[in-house]
Amino acid sequence: MTNDELDQLSINTIRTLSIDAVQAANSGHPGTPMALAPLVYTLWNRVMRFDPQDPIWPNRDRFVLSNGHASMLLWSVLHLTGTRAVNADYEKLGELAVTLEDIRRFRQLGSKAPGHPEYHWVSGVETTTGPLGQGVATSVGMAIAERWLASRYNKPNFNLFDYNIYAVCGDGCLMEGVSSEAASLAGHLALDNLCWIYDHNHITIEGSTQITFTEDVAARFRSYRWNVLHLNDANDIEQIDRAMQMFRKTKGQPTLIILDSHIGYGSPNRHDTAAAHGEPLGTDEVRLTKRAYDWPEDSQFLVPDEVRQHFADSVGARGASEHRAWIDLFSEYRTEYPDLATQIDQMQRRELPEQWDQNLPIFPEDSKGLAGREASSKVLNILAQNIPWLLGGSADLGTSNKTLLTAPDTGDMQAETPGGRNLHFGVREHAMYAIVNGMSLSKLRPYGATFFIFSDYARPAIRLSALMELPTILIFTHDAMGDGEDGPTHQPIEQLASLRAIPGLTLLRPGDANEVVEAYRVIMQLRHRPAALVLSRQPLPTLNRNKYAPASGVARGAYVLADSPDGKPEIIIIATGSEISLAVQAHEKLVAEGVSSRVVSMPSWDIFEHQTQEYRDSVLPADVKARVAVEQASTFGWERYVGNSGRVIGMQTFGASAPLKELQKEFGFESERIVTVAKELLGRFNT
Ligand SMILES: Cc1ncc(C[n+]2csc(CCOP(=O)(O)OP(=O)(O)O)c2C)c(N)n1
């Protein structure tokens with residue numbers, strides 16, 4: 001068999017596996033895998049540095065399939081390369097990441113060939129994709145991370161990090177705003193390790209892009225300062241190969257390759273968008289298509305032995321030898337730079353350096369207190385000194401979010417200083433969290449910050465962080481009505497409830513400076529969960545922890561902060577964040593009046609839900625039915641803790657523009673109100 005024939009056979013194997021899998025599942029998109037098989041084949045077989053025996057080797061090239069609906073492309077190459085599985089502890093397992101049986105069971109429960117690429121589910125998947133635009137935006141974070149790692153850890157004669165990031169996308173990805181935000185930043189940062197390949201097929205689900213998307217994409221990307229290449233034949237693998245070489249030679253700019261293609265290439269019905277896009281081809285057309293590919297018409301899930309061998313001889317052999325060379329290089333590096341090597345090891349396993357929490361502050365009692373964001377700034381700067389790979393920034397609100405690192409060895413990240421640890425994301429919240437995801441996938445410990453209200457702008461990326469089980473850190477300040485005069489557009493109401501609804505996201509709303517410290521202590525130890533830290537803009541009194549329970553209770557999600565002298569409360573006041581001090585004031589008044597009151601500080605529902613039933617019952621005894629929850633946000637969801645006979649002091653409407661004091665009065669966030677509600681519940685107050 002000639003090399004050309006082997007190329008073609010391999011490409012058609014990817015195509016027919018995709019066709020058969022979609023047909024068997026009776027759902028999925030066969031058209032795009034058929035058209036992009038030559039691209040993916042060329043990238044993997046000729047270009048990418050990837051060792052199928054160890055798909056998490058740190059210096060591998062990254063492949064992101066941003067048009068995740070074409071997942072069969074990825075399942076095919078992971079299978080054909082014989083990529084091995086790893087587990088959540090980054091241990092290599094002997095088995096295949098994707099078996100032929102998985103492909104036969106494409107999109108079925110338990111299959112390692114699910115509908116879309118899923119990071120924590122299938123080894124070899126670099127990031128979860130499917131919501132269009134996320135993959136390409138995330139790839140920018142991967143590119144930032146590579147530049148950062150190279151800048152921090154490469155030494156003369158030790159090019160430990162020099163990998164590239166390839167992301168494939170379609171019209172959908174480039175229509176989504178998040179890709180524009182991310183591309184703009186990638187151009188600004190001159191990320192020349194980043195290559196997006198745009199499948200330019202003029203088709204989305206509703207039909208021709210003539211009805212929706214007629215802009216000049218090339219001109220747009222040139223204006224973002226990208227290098228733009230145009231290929232007119234998606235089947236010409238030599239052309240694709242040359243374009244990849246040009247990308248690798250291009251310095252100071254990311255590259256966009258616009259690849260003209262025809263969806264469902266080879267299918268007789270290829271201009272019927274429904275058939276080629278969102279639906280299986282149907283048995284008759286499958287046969288005709290296989291005939292057009294010169295493929296045995298009756299075969300199913302056929303993988304010729306030569307094709308497996310060919311993948312092993314090309315990407316497999318190349319990856320293995322490059323990986324071996326890297327291991328040797330790293331072991332010499334370890335001798336010369338043991339501390340840096342240890343850092344790399346720890347980072348790869350998502351472990352923390354020893355003494356990562358040394359010098360964390362303890363804040364003394366202070367009735368005037370400290371804003372949540374100020375306490376956060378102090379803690380973050382200390383953690384940044386202890387954890388060299390902790391880095392991040394804000395979407396243009398760093399001075400308000402107080403996330404700027406001022407410690408030595410931080411500095412700004414810009415194109416010419418890629419090792420900086422203060423990122424400037426610009427006013428791009430959505431891309432910021434997608435980029436944070438990409439950095440976390442690269443094993444850095446990134447945070448992103450903005451006002452809490454703008455979490456809405458970033459929710460799809462936050463959701464993916466949770467789905468991927470990434471330990472990202474989302475810092476949100478201005479958590480309630482603290483920015484009073486800015487008014488209802490800036491006052492979060494439903495954001496706490498809505499982020500609490502995301503499975504796998506740990507949300508913490510600390511109530512004073514010491515709770516902020518403890519919240520960070522919890523967050524830093526998370527290895528497989530994102531955390532949202534929700535902080536106040538305004539000062540919050542720092543509680544006297546000799547009088548009240550220690551803030552270490554934060555680690556349990558909720559704890560008894562103040563109790564009735566006999567430990568047998570008749571009423572429980574549950575509060576979070578800025579409402580903690582109100583709850584404590586109300587408690588003191590109630591106790592003075594002879595009411596047995598308890599205050600529960602509940603910074604994290606999520607963590608509390610993970611405690612034993614026994615602990616939860618000890619904090620919220622079932623027989624105490626008189627309960628008041630106080631939180632300056634939507635009351636939605638608090639029923640679960642106050643029960644049918646409890647009350648919630650919260651928000652039923654949007655806020656308003658006025659000084660905070662007036663808003664607190666207007667909306668009833670005053671200790672007197674809590675006292676009144678408590679007495680009403682106990683039937684001791686005649687309303
Ligand atoms: C954010 C988002 N919106 C909508 C969809 C549903 N969807 C899946 S594929 C697709 C069309 C994408 O078109 P294109 O990117 O051109 O891919 P191609 O037609 O080339 O496969 C849409 C709208 C999605 N996956 N994500």
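Predicted model: local features only at pLDDT ≥ 70, side-chain atom pairs only at ≥ 80, totals over all residues.

E631 sits in strand β21 (residues 627-634) and R500 in helix α18 (residues 495-500), so the pair links distant parts of the chain, 131 residues apart. Are these two buried or exposed? Both E631 and R500 are buried.

Next, select R287 and E297. Their side chains also meet in a salt bridge, at 3.8 Å from N to O. R287 belongs to helix α11 (residues 283-292), whereas E297 is in the loop between α11 and α12 (305-336), so this contact ties together parts that are 10 residues apart in sequence. Switch to a surface view here: R287 counts as partly exposed, at 35% relative accessibility, and E297 is likewise partly exposed, at 23%.

Now move to helix α19 (residues 513-524), and pick out E518 and R521, which lie 3 residues apart, about one turn of the helix. Which kind of contact do their side chains make? They meet in a salt bridge, 3.0 Å from N to O. The two partners fall on either side of the 20% cut-off for burial: E518 has a relative accessible area of 15% and is buried, while R521, at 25% relative accessibility, counts as partly exposed.

For a group beyond a simple pair, select D7, R46, E238 and D241. These residues are linked in a network of salt bridges. Across the whole model, the count comes to 31 salt bridges.

Select E485, D486, E662 and E666, which form a negative surface patch. To find your way there, look for E485 in the loop between β14 (473-477) and α18.

Select helix α16 (residues 429-441) to see E429 in place. With the surface on, how does E429 count, buried or exposed? At 7% relative accessibility, E429 counts as buried.

Conventions. Residues numbered from 1 in each chain as written. Heavy atoms only, no water. Salt bridge = Lys/Arg side-chain N within 4 Å of Asp/Glu carboxyl O. Helix = DSSP H or I, 4+ residues; strand = E, 2+ residues; numbered from the N terminus. Buried < 20%, exposed > 50% of the residue type's maximum accessible area, 1.4 Å probe, protein only. Patch = residues over 30% accessible without salt bridge, like charges linked within 9 Å, V, L, I, M, F, W, Y side chains within 5 Å. Areas by Shrake-Rupley, 256 points an atom, 1.4 Å probe, with all protein chains shown as cover. Lys, Arg positive; Asp, Glu negative; His and termini not counted. Charge placed at Lys NZ, Arg CZ, Asp CG, Glu CD.
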